[in-house]
Structure formats: structure tokens, C-alpha cells
Amino acid sequence: MCELFGISSDQPVAANQELNAFRLRGSQASGNPDGWGIAWQVNGAFRLVKEPAPAHQSTLFEQLCDTTISSLVIAHIRKASFPPVINMGNTHPFQQVCCGKEWVFAHNGMVPDIVEIEMSSNNPVCCPTGRTDSEYAFSHLLGRIAEHFHGTPSAAPSTWLENLATVSGLVASLGKFNFLMSDGEHLIAYGHDRLHYLQRSGSDQSDATQGNSVLVATEPLDENAAWTTFQPGELRLYRAGKMIGRMMPQTMSSSNSELR
């Protein structure tokens with residue numbers, strides 16, 4: 001099944017070893033041969049590069065592993081499932097504008113019922129350009145952000161983060177829903193059933209100038225014992241390499257009427 005990788009840092013960092021380890025998982029043998037993509041921030045805006053081709057064979061992805069230096073990264077390798085169509089429009093990450101910000105999103109799992117739910121919602125915020133359940137789920141989240149969060153996330157994120165956690169849990173109730181998402185400032189990580197993080201600081205690295213950073217991945221990318229598993233249904237909000245918000249699942253209804 002698809003895999004995710006993300007970085008949030010207080011300064012631009014290179015993560016060539018981790019990115020390359022992630023790239024090599026995009027193969028037939030690893031079960032993710034159907035495309036790859038990486039979004040990273042440069043001068044306050046996202047650059048997005050992706051290909052509907054095996055990541056481990058991609059010269060372009062290999063080059064990006066060596067040259068990408070950024071404080072905010074979201075990457076994805078794909079196993080085509082819903083739909084099983086391999087093309088650029090179905091390749092993650094996806095990108096949209098909402099509430100005056102540029103958002104990117106990548107997903108691991110399957111929530112096919114969200115497609116019909118979102119198609120019947122007349123979402124005025126955005127419309128998917130591909131056919132994946134992942135992009136329809138992204139549009140659904142953005143629709144709720146625009147409706148309930150009244151603008152952009154703030155430094156005190158408790159209200160909008162709680163709302164996002166609730167909506168994410170409802171979508172997750174339709175199947176499996178692990179995702180990474182960013183508004184250009186924050187890295188939002190939702191671990192329904194399969195996500196890990198590795199927190200780093202300058203004090204525990206050989207180069208103290210590297211500052212604070214966090215890596216998030218579907219599965220640990222090395223043998224570092226400090227990788228920690230997300231609790232089921234846990235949502236984490238990072239800014240500049242530090243966690244500034246965390247929500248755990250609460251009892252909620254999973255009826256489709258709540259996913260209008």
C-alpha cells in the first residue's frame with residue numbers, strides 16, 4: 001500500500017539519506033510501483049514534482065533526493081488501488097488553494113465511499129482533477145476547513161485542530177485514512193493505523209546548527225530506535241520542527257450524514 005514521508009524543520013535541511021531510502025520503497029517488490037511525488041517549500045511557495053512511474057527507477061527522484069533542501073516536505077509513493085489507473089492526475093501529492101493558502105496533501109489507505117459523498121456535496125471550495133478517493137478526501141477536508149475554521153490556522157490551534165481531527169476520524173471510519181497535509185506553515189499528520197515520527201534537535205545531532213526537525217513516515221526509514229508509532233487515530237500538528245498541537249480520537253458517529 002502507498003507510503004508517506006514528511007519533514008517539518010525550523011530551517012531548511014537536507015534529508016537525502018531518508019528520501020533515498022523512501023525512494024527505494026517505490027518498487028514492485030515493495031508493493032508501491034505506481035508513481036511518486038514530492039512537494040517542498042522554496043521561498044514561501046511549494047514546488048511539486050511527480051511522475052506516474054516507479055520511484056526506485058526514477059532518475060529525477062534520485063536527483064531530487066540529493067538536491068532538495070527545505071523546511072517543509074511531503075512525499076508519497078503510490079500503489080494504485082482506487083482507481084487502479086496510473087496517470088499524472090492520480091499521482092500524489094495533490095495541491096489546492098483554500099482560505100488564502102496553498103495546501104498539499106498525500107494519503108495512505110482506502111476510503112472509496114468518500115467519492116460519492118463528496119460528489120454529492122457540491123463543494124464550492126475545490127474540485128478534484130483526478131479520480132482517486134485520496135483527492136476527494138482532500139477536497140472534503142478543505143471544504144470543512146473553509147466552512148468551519150474561518151480563515152487560516154493560528155498559533156493557538158486547539159479549535160480548528162479539534163474540528164479537523166473529528167472530520168478526519170469520520171473519513172477514517174470509511175476505511176483506512178493516514179495522511180500528511182500542509183498549508184505552507186504547518187505539517188499536519190494523521191495516523192489512523194500506520195504512521196511513525198522521529199523528533200530531532202540540534203543538541204542530539206553532530207551538527208548543532210541543524211536545529212529542530214521532525215520526520216514522519218509510514219514506516220521507519222532506518223534502524224533508529226527513536227522512531228515512535230502514532231497512536232491509532234492520532235493527529236499531530238507541527239510548525240518549524242516542533243509539535244504545537246495533538247488530538248486523540250474521541251467517540252463519534254460514523255454515519256455518512258455527518259460526511260455531507
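Me: What is the phi of Ala240?

Reply: Phi is near 55° there, a positive value in a residue other than glycine. Ala240 is partly exposed, with a relative accessible area of 34%.

Me: And Asn122, where is that found?

Reply: Asn122 sits in the loop between helix H3 (113-119) and H4. Asn122 is not a glycine, yet it has a positive phi of about 55°. With a relative accessibility of 67%, Asn122 counts as exposed.

Me: Is Gly211 buried or exposed?

Reply: Gly211 is buried: its relative accessible area is 14%, and the cut-off for buried is under 20%. Gly211 lies in the loop between E9 and E10.

Me: How far apart are the C-alpha atoms of Gly211 and Pro12?

Reply: They are separated by 9.6 Å, although the two residues are 199 residues apart along the chain.

Me: What about contacts across the chain, what share join residues at least 24 apart?

Reply: Taking contacts between residues at least 6 apart in sequence, 69% join residues at least 24 apart.

Me: Let me step back a bit. How many helices and strands does the chain have?

Reply: There are 5 helices and 13 strands. Of the 260 residues in the chain, 53% are buried. The accessible surface comes to about 10,800 Å², and 49% of that belongs to carbon and sulfur atoms.

Me: Which residues are buried in helix H1?

Reply: H1 covers residues 16-23, and Glu18, Leu19, Phe22 and Arg23 are buried in it. Looking down the axis of H1, the buried residues fall within an arc of 140°, so they line one face of the helix. As background, an α-helix has 3.6 residues a turn, so residues three or four places apart point the same way.

Me: What do the buried residues of H1 pack against?

Reply: Their partners are strand E1 (3-14), strand E2 (36-42), helix H2 (59-67), strand E4 (69-77), strand E9 (196-200) and strand E10 (213-217).

Me: New topic: which peptide bonds are cis?

Reply: The bond from Phe82 to Pro83 is cis, with omega near -5°. The bond from His92 to Pro93 is cis too, with omega near -10°. Pro83 is in the loop between E4 and strand E5 (94-98), and the place of Pro93 is also in the loop between E4 and E5.

Me: How many cavities of 30 Å³ or more are there?

Reply: A search of the whole structure finds 1. The largest cavity holds about 60 Å³ of space.

Me: Which residues line the largest cavity?

Reply: The lining includes Phe82 and His92, together with Cys2, Arg78, Asn108 and Asp133, among others. Strand E6 (101-108) and helix H4 (133-148) each supply at least two residues of that lining.

Me: Last one: where does pLDDT stay under 50?

Reply: That happens over residues 251-257, for which the model has 9 contacts beyond four places in sequence. Where pLDDT is low, the predicted coordinates should not be read in detail. For the chain as a whole, pLDDT averages 89, and 88% of the residues score at least 70.

Definitions and conventions: Residues numbered from 1 in each chain as written. Predicted model: local features only at pLDDT ≥ 70, side-chain atom pairs only at ≥ 80, totals over all residues. Heavy atoms only, no water. pLDDT = per-residue confidence, 0-100. Contact = heavy atoms within 4.5 Å. Buried < 20%, exposed > 50% of the residue type's maximum accessible area, 1.4 Å probe, protein only. Helix = DSSP H or I, 4+ residues; strand = E, 2+ residues; numbered from the N terminus. Arc of directions from axis to C-beta. Areas by Shrake-Rupley, 256 points an atom, 1.4 Å probe, with all protein chains shown as cover. 1 Å grid on protein atoms, 1.4 Å probe; cavity = no way out; pocket = protein on both sides within 12 Å on 5 of 7 lines; lining within 4 Å. Points joined across faces, edges and corners; volume = space filled by probe spheres on them.
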